[in-house]
Amino acid sequence: MALRACGFVIFRREFLLLQTSYGEHHWTPPKGHVDPGEDDFTTALRETQEEAGLGKDHLRIVDGFLQRLRYQVRGKDKEVLYWLAELRDPNTQVILSEEHQDYRWAKLEEACKLAKYQDLQDTLTAAQRHLETQ
């Protein structure tokens, strides 16, 4: 069975990316693994709260956007689901967990440079397009 992770692409006028404190210190929106018995959307909410200190009350979920990424990590299949959420109050502080060492709010071009992986760049671009058509 493939590993599953879920999270949110969060924006205010820019996208939120977190830099991991492990591995290659890659940049990614908040996300994390699904716990047994937990549904995907609940996972995205929980992981966003744990990793960035942003809870359900901080976010406005954008209808009609869900991106599914599939790739391999250490020889195992992984699937990541991303919803799109707007930070209700742009002045809300991000509070990082120990899993991350930095965060950045970035416009699409910078966010894509930080993201490095093509599928994540495509997700950010799709999020931007979705917002522009709303």
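Two strands pair if DSSP finds at least two bridges between them. Helices (H or I, at least four residues) and strands (E, at least two) are DSSP runs, numbered from the N terminus. In strand E7, the bridge partner of Phe-15 is Ala-106. This is a predicted model: local features need pLDDT of at least 70, side-chain atom pairs count only at pLDDT 80 or more, and totals for chains, interfaces and linings use all residues. Residues are numbered from 1 along each chain as its sequence is written, and side-chain values use heavy atoms, with hydrogens and water left out.

**Strand E2**

- Six of the six residues of E2 (residues 15–20) are buried, so the strand is largely enclosed by the rest of the structure. Buried means under 20% relative accessible area, exposed over 50%, and partly exposed in between (1.4 Å probe, protein chains only).
- In a regular strand the side chains alternate between the two faces of the sheet.
- Phe-15, Leu-17 and Gln-19 point one way from E2, while Leu-16, Leu-18 and Thr-20 point the other way.
- E2 runs antiparallel to E7 (residues 100–106), joined by six bridges.
- E2 is also antiparallel to E3, with two bridges. Here Leu-18 stands opposite Thr-28.
- Six residues lie between the strands in the E2 and E3 hairpin, where Gly-23 takes a positive phi near 60 degrees.

**Strand E6 and its partners**

- Nine of the 12 residues of E6 are buried, so the strand is mostly covered.
- E1 (residues 3–11) pairs with E6 in the parallel sense over nine bridges. Ile-10 has Ala-85 as its bridge partner in E6.
- E5 pairs with E6 in the antiparallel sense over 11 bridges. Leu-66 has Trp-83 as its bridge partner in E6.
- The hairpin of E5 and E6 has two residues between the strands, and Arg-74 takes a positive phi near 50 degrees there.

**Largest pocket**

- The largest pocket holds about 720 Å³ of space.
- On a 1 Å grid over the protein atoms alone, a pocket is an open set of points where a 1.4 Å probe fits, with protein on both sides within 12 Å along at least five of seven lines; lining residues have an atom within 4 Å of a point. Grid points are joined across faces, edges and corners, and a volume is the space filled by probe spheres set on the points.
- The lining has 27 residues, of which His-26, Lys-31, Tyr-71, Val-73 and Lys-78 lie nearest the centre.
- E5 gives the most to this lining, with four residues. Elements that each supply at least two residues include H1 (40–52) and H3 (118–133).
- By class, the lining has 10 nonpolar, eight polar and nine charged residues. Ala, Val, Leu, Ile, Met, Phe, Trp, Tyr, Cys and Pro count as nonpolar, Asp, Glu, Lys and Arg as charged, and the others, Gly among them, as polar.

**Individual buried residues**

- Glu-38 sits in the loop between E4 and H1. Glu-38 is buried at 18% relative accessible area.
- The side chains of Glu-38 and Arg-46 form a polar contact of 2.8 Å. A polar contact is a pair of N or O atoms within 3.5 Å; within protein, one must be able to donate a hydrogen and the other to accept it, and residues adjacent in sequence count only if both atoms are side-chain atoms.
- Gln-19, in E2, is buried at 15% relative accessibility. Beyond four places in sequence, its contacts (heavy atoms within 4.5 Å) include His-26, Trp-27 and His-100.
- Leu-114, in H2 (residues 108–115), is buried at 15% relative accessibility.
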